[in-house]
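User: Hi, can you walk me through this model? Keep it simple, please.
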Amino acid sequence: MPAQKKTARRSLLVTSAVLSSLALAAPVAVAAPSPSGSPSASPSATPPASMSSVGGARLGQPGTQVNLASGVPVLPKDVSARSWIVADAETGDVLAAHNAHWRLAPASTLKMLFADTLLPKFPRTAKHKVVPSDLAGIGSGSSMVGIKEDETYTVHDLWLGVFLQSGNDAVHVLSAMNKGVDNTVKEMNEHAEELQALDTHVVSPDGYDAEGQVSSAYDLTLIARSGLQKKDFREYSSTVTAKFPGETKKNKKGKPVRKSFEIRNTNRLLAGDSDVPVYQGIAGVKNGNTTNAGATFTGVAERGGKVLLVTVMNPEKPEHNEVYKETARLFDWGFKAAGKVQPVGELVPPKSAEQAGSQPGANPSGEAGGSGSGAGGTAGTGSKPAASGPAADGSSGIGIALGITGGVLVLLAGGAFLVNRRWPLPDLVRRRTRP
């Protein structure tokens, strides 16, 4: 497609999204609890006939949206998810989607928004002693990393707990550091609006089932794309295992001793499982699973110089690890289709893109708090970044090549935005032999 026509197409798509965001402001505001019940707890069996058109009109239509043509591979037939999306992480092109704007319960994938909102606030070396009120209000049956009262943890420890174990206890401690859960929820909703993730309404910062708490495959992909601009976000979401501080106990000699224990990422495409191999090229991002949401997952992977984002929400098949199996099939399709299929929409830039050269994130470095010991991008002592064997195309590890160069979000006349062809994802993960 000629450059001028492609620019015009993308400009029109985003202009439509900007206008749609204004029309959608009211529906988002009423995505709160209602007397008739919770949309997150009892979603309808079928998607709404009319959904948001942020990113393009076709993304607001129910059903599968893809431009099949000669040379474009056929989509996998065994994908049962209520909603999914395949997008180019750098250009923002949506290659294919299914009910992309269907508002569903997000489960712990909502922790991506939590991290994207709070990561810039605290240096990773900052320490916090946990008090009982920090752990108040955690939902019954929540996933926990094992935080104990009266113990001190670094911010780095807490983020490892959030990303690897999906620890709601770690989320609540970080929320307490951020002036409480209510303030954190408020800031998360504000950040979602800034990202134009207008299907998203946060009630609980950890993604625990709550009345009125919703997001969409489109929004979760936007949020992941924003988070991946931050170095610490990339690091934590790609870490397979790490050491986490345990409880202080007295040894046989009566001396206080605090040992560590190993935690492992619950993202099965990253860490593997009995029926799910590590996906070659995987580099994060976040998984979730609750009674009401079912299984949800957003992943990012790289092969042959292409970086794709895939989000899958609530597969209907009851098979073990089905959300990862369906994600892997969509990744496989995306890498085969990239460069051949015409997009059906795009991931819109944040509102802050009105300022020339701006990118998601609170600081250019992308480090937590903009400082700390993370300059090298390591996961800390005992942490192991993800890696895998050679990919089918000959690339090694799961790493995104260093120095993926790119442009910036620039302002165009008429209030429309254009995302340059390469949105930078520098040093997504380092190439390293899998242990």
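Analyst: Terms first: helices (H or I, at least four residues) and strands (E, at least two) are DSSP runs, numbered from the N terminus. The model is predicted, so local features need pLDDT of at least 70 and side-chain atom pairs count only at pLDDT 80 or more, while totals for chains, interfaces and linings use all residues. Residues are numbered from 1 along each chain as its sequence is written, and side-chain values use heavy atoms, without hydrogens and water.

User: Which element gives the most to the lining of the largest pocket?
Analyst: β8 does, with 4 residues. Two elements give two or more residues there: β8 (282-290) and α9 (322-337).

User: And which residues are closest to the centre of that pocket?
Analyst: N287, G288, N289, T290 and A295, out of 29 lining residues.

User: How do the lining residues divide by class?
Analyst: There are 6 nonpolar, 16 polar and 7 charged. Ala, Val, Leu, Ile, Met, Phe, Trp, Tyr, Cys and Pro count as nonpolar, Asp, Glu, Lys and Arg as charged, and the others, Gly among them, as polar.

User: New topic. At what angle do α3 and α4 pack?
Analyst: About 135 degrees, with the axes 8 Å apart. Axes are lines fitted to C-alpha atoms, for helices over the stretch in contact, and angles run from 0 to 180 degrees between N-to-C directions. That angle makes α3 oblique to α4. Under 35 degrees is roughly parallel, over 145 roughly antiparallel, 65 to 115 roughly perpendicular, and the rest oblique.

User: Which residues of α3 and α4 meet?
Analyst: V155, L158, W159, G161 and V162 in α3 contact (heavy atoms within 4.5 Å) A170, V171, V173, L174 and M177 in α4. By class, that is 9 nonpolar, 1 polar and no charged residues.

Notes:
1 Å grid on protein atoms, 1.4 Å probe; cavity = no way out; pocket = protein on both sides within 12 Å on 5 of 7 lines; lining within 4 Å.
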